[in-house]
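Dear colleague,

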Amino acid sequence: MEDSELIEKLKGEDTKNYAFNLLVRKYQERIYWHIRKMVIDHDDADDLVQEVFIKVWKYLDNFRGDSQLYTWIYRIATNECLSFLAKKKKRFFLPIVDVEKELSNHVDSGTNLSGDEIHLKLQKALLKLPDKQRLVFNMKYYDDMKYEDIAEITETSVGALKASYHHAVKKIEDILNNG
Amino acid sequence: MYNKSKNKIMSEDKLHSKPFKLEEISKKEVFSVPDGYFDKLPTIIQTRAVESTKKKTVLVPAGVLRLAIPVALVVLISGYVGFKYLNNPVRKDARIEAMIAEISSEELVSYLDQSDITSDELLDMVSFEGESLEEFTPGLDDVPDEDLELLINDIDFGNENNI
């Protein structure tokens, strides 16, 4: 079902529940993986993906349609991820390096992991990037999103995003070659 | 599962022989989820969403509650102590005295002139018990007896019961 049709059905009292179920089924995997790559742990990702869709449900009336439905949902997910990671750092009074270590340990622990060595190395290299740069990298590299859409989600200019992605790729390649 | 695969897959040997280039690494999902996770998730979310609609009560975040409870306790205790303090008879008198002390003598005289309180009523209100005359009339001892006599003669006592 197209997003426009989905939005129409979400506005109707009789069709709202059905349309919301379709919306969750349509976007759950994309949003889950977007979150999972940021928080690494499955349980955290599970909590956050549920929170994201509960917020979508709650604030559906606020969605005016001037952005695409999927960029709106991505924006909610992105904000949830960033505040989760910020809280995690604050809660444990941990410097960024320690949070990176903790997430890196999750990658090493092998729980729900299926990648081979190079991909695990890549994930660990990604953790060395600042959270926002990591988000941009993931959306561009893994989700193949257009810079225009990422700009809408992150409320950043396309030029800044291109520069951020370029630097991220350079850093990762350096880490993989020298780290 | 949402997973994009790329055809350019490089062997481990090749990767070790020359520098890594990101574009040459396949986009493989390294994480996995429990079996049937995405089949159950929509139902869990839908149930939570419907429940959140039913609950119309205002949810106070835990952080706010943690702050609100001690603040409420402090307010209650302060309120109780304040109430007790203000209603303490000794404190009450002290406060009244302090308030009167702030009023100038001129203002007091002017008020008494305008009010219906008579001199008799005023004298009734004042307790002289245990007080010496010196306290009310400082320097009285320094006034010569003749002058005092002249002063007393000038006063029209009218009714002797006033004393």
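In this predicted model, Lys27(B) and Asp144(A) form a salt bridge, with their closest N and O atoms 3.2 Å apart. The pair crosses between chains, since Lys27(B) sits in the loop between α1 (12-17) and α2 of chain B, while Asp144(A) sits in the loop between α7 (131-142) and α8 (147-154) of chain A. Lys27(B) is buried, because its relative accessible area of 12% falls under the 20% limit, whereas Asp144(A), at 46%, counts as partly exposed.

A salt bridge also links the side chains of Lys21(B) and Glu173(A), at 3.7 Å from N to O. Lys21(B) belongs to the loop between α1 and α2 of chain B and Glu173(A) to helix α9 (residues 158-178) of chain A, so this pair joins two chains. Here Lys21(B) is partly exposed at 38%, and Glu173(A) is buried at 9%.

Arg48(B) and Glu51(A) meet in a salt bridge of 2.7 Å, N to O, and this pair runs between chains from helix α2 (residues 37-54) of chain B to helix α3 (residues 42-58) of chain A. Arg48(B) is partly exposed at 30% relative accessibility, and Glu51(A) is partly exposed at 30%. Over all chains, the count comes to eight salt bridges.

Finally, Asp145(B), Glu146(B), Asp147(B) and Glu149(B) form a negative surface patch; one of these residues, Glu146(B), lies in helix α8 (residues 145-154) of chain B and is exposed, with a relative accessible area of 56%.

Technical notes. Residues numbered from 1 in each chain as written. Chains lettered and ligands numbered in written order. Predicted model: local features only at pLDDT ≥ 70, side-chain atom pairs only at ≥ 80, totals over all residues. Heavy atoms only, no water. Patch = residues over 30% accessible without salt bridge, like charges linked within 9 Å, V, L, I, M, F, W, Y side chains within 5 Å. Areas by Shrake-Rupley, 256 points an atom, 1.4 Å probe, with all protein chains shown as cover. Salt bridge = Lys/Arg side-chain N within 4 Å of Asp/Glu carboxyl O. Lys, Arg positive; Asp, Glu negative; His and termini not counted. Charge placed at Lys NZ, Arg CZ, Asp CG, Glu CD. Helix = DSSP H or I, 4+ residues; strand = E, 2+ residues; numbered from the N terminus. Buried < 20%, exposed > 50% of the residue type's maximum accessible area, 1.4 Å probe, protein only.
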